[in-house]
Amino acid sequence: MGTNVLTHVRLPSVDGLLSPYTGWTRAHWEAVADHLLDAVAPYATPGRAQYRLPGRPGRAGLHSDGLEGYARTFLLAAFRIAGAGGDVPAELIERYADGLAHGTDPGHRYAWPVPADCSQQLVEAASVALALHETRRWLFDRLDSSVRERVVAWLAGVVGKRTWQSNWVLFPVVVQQFLANVGGPHDPAGIEDGLDRIEQWYVGDGWYTDGAGRSFDYYAGWALHLYPLLWTRMSGDRRRGEVYRERLRVFLEQYQHMFAGDGAPVHQGRSLSYRFACVAPLWLGELMDATPLPAGRSRRIASGVLRHFVERGVPDERGLLGLGWYDRFLPCTQHYSGPASPYWASKAFLGLLLPADHPVWTVRESAAPIDDGDQVVAMPGPGWLLHATRHDGVVRVVNHGSDRARHLPADGIEDPHYTRFGYASHASPEVSEDARVRAVDGHLAVIGPDGVASRRRRIEPIAVDDRFAASAYEDGPVRVETASIVRGPRELRVHRVTAPPGHVVRDGGYALAGPHPPAVRTGRRWGQVSRPDGLTSVVVALHGFRAAATVEAVDANAFGVCSATPHLVAPDHPGGTALYVSLIVLTGDRVDPAALRAWITASVDGDRVMVRLPDGERIEVVLGARVTYARYPVDGAPVRWPADDAAATGYR
């Protein structure tokens with residue numbers, strides 16, 4: 001989708017010969033890194049141990065926020081220093097050396113808080129340790145011996161501390177490895193324990209869940225792949241290193257598809273204010289010789305993402321990364337996030353560790369998958385089915401497996417960044433306390449006479465294969481089983497709903513947002529929301545639904561102040577079990593909903609739905625006790641799930 005370019009960074013000229021897709025080169029990355037580092041300098045406290053940035057304070061307090069500002073920007077500075085072989089302005093090294101000296105001095109006014117169990121200091125200590133490792137010859141080794149001793153003592157405070165059972169278990173791993181390398185106190189068993197713990201969360205195909213349960217998001221890449229492989233860079237461990245490298249190779253085969261033609265990442269998961277940190281795994285693959293991607297493709301995708309944000313005003317006019325996506329939007333942050341939290345985005349600059357003559361910087365950009373054609377990628381690990389279209393550059397992820405339910409209290413509200421059916425590069429879930437808006441987009445809700453809607457809090461994954469995915473959820477007397485079939489920008493949803501009589505069934509499409517209210521239209525069996533740039537969200541009733549509507553909201557969407565969602569309604573569920581079929585479309589084309597309805601033929605017979613597409617391809621889906629899927633192309637062999645035609649209730 002087009003955009004009005006709003007760039008606050010002074011950039012070099014584009015190089016269309018070396019980088020025909022983005023125009024960006026290593027010089028652009030260095031320019032953005034320098035801009036970010038220069039912009040935070042005025043916010044340093046005396047002694048430069050903390051960087052107290054403007055914005056909402058974090059839960060851990062001002063001293064923790066200041067440490068976060070130091071540690072996360074130090075990581076960025078480290079990539080810049082090491083990548084340039086130390087050939088950077090001396091002041092850059094001096095300011096972080098000063099910070100180390102004063103931050104570890106217990107008598108200094110802005111000394112760093114002492115690490116404690118499950119404290120934010122554990123997170124920031126990992127960034128400090130990684131930065132010290134990469135810049136050791138220019139920084140740590142040149143510190144006064146007393147300062148080195150204080151730095152080691154502060155980092156040693158991490159040893160033996162309890163962490164949350166998530167990616168946090170890896171923070172003491174990298175801290176203790178740095179301590180081991182410099183002869184400091186550490187616990188080798190603690191390193192092994194942290195690395196062993198993530199084995200419980202590896203689900204295959206390169207994917208980790210962030211702790212127990214099904215919490216799949218960008219943490220798989222920017223934490224659960226990143227820290228173990230950087231640990232091997234620090235430790236030289238070959239045995240674990242080969243395991244981690246192979247996992248990253250497999251991961252990147254799928255992960256490369258998560259980015260739109262214009263560089264927009266799929267908007268899913270928590271901590272989205274880290275923004276372009278999502279490209280860290282691409283650089284990591286190049287750095288650790290663990291990527292299946294051509295070097296020119298790695299750079300094309302990564303540069304596309306950074307350029308995408310820079311052209312939309314990120315960083316802002318002050319040069320700072322705020323709490324939001326493009327503009328300030330607190331719901332896409334965490335409750336504990338502080339003003340320096342977004343600087344985990346520093347991980348995006350990992351590629352600067354690669355020398356300027358590395359192929360990733362010198363070869364010509366090559367096409368990303370979406371540049372070559374439409375894509376459909378089944379991701380059984382997280383339970384996702386991705387479909388992307390070349391003509392509009394939009395990527396969509398149909399979610400049948402990630403819910404982050406383990407983090408919910410018994411009566412907690414589900415997280416819209418995890419439990420929606422659809423996520424996309426150009427659309428964001430609605431986040432609102434308004435019951436009229438909440439859980440309309442991307443959700444099949446069964447609404448009781450009291451107006452309370454069912455919630456998809458815990459997802460039961462059933463299948464992901466070919467162009468098909470299925471899952472179920474239960475909420476009280478309601479059970480919903482859903483199958484999705486994708487083709488081009490379209491998703492066919494089949495819902496098998498079991499509920500008491502008289503309940504309302506509602507199916508929501510993608511929410512669209514912008515600075516002005518999107519255009520909305522509804523017909524008897526369809527609803528449509530469109531933006532001025534042509535992006536359109538459509539829902540079409542194919543079976544069971546009797547009406548369509550749209551719901552509009554303000555300040556509920558990361559992509560703009562004004563938003564709207566089309567949805568379908570069946571006003572009177574008959575009781576027991578019934579099937580509902582809808583067509584969900586997110587496209588850069590201006591579409592005629594009536595033509596969409598004529599595009600597909602769907603017939604229902606009990607629990608069986610038979611679909612015929614315009615080119616003659618047939619698809620058959622059966623829900624219920626025995627879920628099956630079959631696709632009959634006009635040319636080619638049939639595709640079936642389960643492949644052995646055996647009954648199945650899950651894919652793991």
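**View 1. Helices α6 and α7 pack with a left-handed crossing.** Left-handed here has the near helix turned anticlockwise from the far one by less than a right angle. The axes of α6 (residues 171–181) and α7 (residues 188–197) come within 9 Å and cross at roughly 150°; they are lines fitted to C-alpha atoms over the stretch in contact, with angles from 0 to 180 degrees between N-to-C directions. Val173, Gln176 and Gln177 of α6 meet Gly190, Ile191, Gly194 and Leu195 of α7, where contact means heavy atoms within 4.5 Å. This is a predicted model: local features need pLDDT of at least 70, side-chain atom pairs count only at pLDDT 80 or more, and totals for chains, interfaces and linings use all residues. Residues are numbered from 1 along each chain as its sequence is written, and side-chain values use heavy atoms, leaving out hydrogens and water.

**View 2. Helix α5 (residues 145–156) and its buried residues.** Val147, Val151, Val152, Trp154, Leu155 and Ala156 are the buried ones (under 20% relative accessible area, 1.4 Å probe, protein chains only). They pack against α2 (62–83), α3 (90–103), α4 (120–134) and α6.

**View 3. Helix α11 (residues 295–310) sits largely enclosed.** Here 16 of the 16 residues are buried, so the rest of the structure largely encloses α11.

View 4. The structure holds 0 disulfides (pairs of cysteine sulfur atoms within 2.5 Å). For Cys278, the nearest cysteine sulfur, in Cys332, is 13 Å away. Cys278 counts as buried at 1% relative accessibility. The sulfur of Cys562 lies 17 Å from its closest cysteine sulfur, also in Cys332, too far for a bond.

Methods:
Helices (H or I, at least four residues) and strands (E, at least two) are DSSP runs, numbered from the N terminus. The expected span of a helix is 1.5 Å times one less than its number of residues. Buried means under 20% relative accessible area, exposed over 50%, partly exposed in between (1.4 Å probe, protein chains only).
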